[in-house]
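Look at the structure first, then read on.

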Amino acid sequence: MAGKADYGRFDRFIHWLMAINIGLTLVFARGMSTLPDDERILEYGDHGMSVTTIAICLLIRIAWRVRTGFPAMPDAMGDMARLAAKAMHYGLYGVLLAQIGVGVFLASTTELEFVAKGYNINYTSFQLAPRELHDTLLSFHIGLYWTIVALLALHILAALKHHFVDRDLVLLRMLPFTAKLRARRAAR
Ligand code: HEM
């Protein structure tokens, strides 16, 4: 549902808060499950904090997009490019939601308690899955991790193509403090 002329401050805030937390999670969570207990428990706290923030931002972002829509794609984009952009965005939302779902079930199966720092949510206490499912859920979680990495790489490449090749406003309109740059580029 396209609906507004531009992204507002709130769109940009939620987008970048989510992007920072996803970036930190992708970098720092890798290999967490093989750490010694004393290090793993600390990592669980940090992982819990960043993924809970991602989950909250994602739900707010989806509700906000449904309510206010999003800016139209540039007129110069062909039908295939529009379809690809749509598939990419829905794919990214879908995979992130799936990862959060699998993560919440996985947290029920850990030997050490998985407690989100800052929020103080003990996800292990939800007891949503038996401990025997731990390895299967962890394999899914790692598979989805690499799917997110691949989709994000495409997302970033597409944004750079819009900016440097197509020379449109798609990247700039999501960047804060770019009002002057956008006006200059729009006037060309
Ligand atoms: C964008 C969302 C998420 C990403 C990218 C992500 C990524 C990861 C990664 C890379 C690992 C380490 C796997 C390894 O050992 O190599 C991991 C482990 C884990 N994640 Fe997530 N995760 C996400 C969401 C969640 C959520 C929402 C929860 C639960 C609330 C969660 C719970 C866990 C648990 C419990 C482990 C450790 C399992 C173990 O020690 O055996 N994750 N995650």
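## Overall layout

The protein chain has five helices and two strands. Helices (H or I, at least four residues) and strands (E, at least two) are DSSP runs, numbered from the N terminus. Read from the N terminus, the order is α-α-α-β-β-α-α.

This is a predicted model: local features need pLDDT of at least 70, side-chain atom pairs count only at pLDDT 80 or more, and totals for chains, interfaces and linings use all residues. Residues are numbered from 1 along each chain as its sequence is written.

The C-alpha trace spans about 60 × 30 × 30 Å along its principal axes. Of the 188 residues in the protein chain, 13% are buried. Buried means that 20 or more other C-beta atoms, placed from the backbone, lie within 10 Å of the residue's own.

## Two helix pairs

Two packed helices are described by the angle between their axes and the distance between the axes. Axes are lines fitted to C-alpha atoms, for helices over the stretch in contact, and angles run from 0 to 180 degrees between N-to-C directions.

| Pair | Angle | Axis distance |
|---|---|---|
| α1 and α2 | about 150° | 9 Å |
| α3 and α4 | roughly 155° | within 9 Å |

Helix α1 covers residues 9-28 and helix α2 covers residues 37-68. They are therefore roughly antiparallel to each other; that term needs an angle over 145 degrees. α1 passes α2 in a left-handed crossing. Left-handed means that the near helix is turned anticlockwise from the far one by less than a right angle. The contact includes Phe10 and Phe28 of α1 and Trp64 of α2. Its residues divide into 13 nonpolar, five polar and two charged. Here Ala, Val, Leu, Ile, Met, Phe, Trp, Tyr, Cys and Pro count as nonpolar, Asp, Glu, Lys and Arg as charged, and the others, Gly among them, as polar.

α3 and α4 are therefore roughly antiparallel to each other as well. Their crossing is left-handed. Among the residues that meet are Gly91 and Phe105 in α3, and His141 and Leu144 in α4. This contact has 17 nonpolar, six polar and no charged residues.

Methods
Parallel < 35°, antiparallel > 145°, perpendicular 65-115°, else oblique. Contact = placed C-beta atoms within 7 Å. Buried ≥ 20, exposed ≤ 12 C-beta atoms within 10 Å, placed from the backbone.
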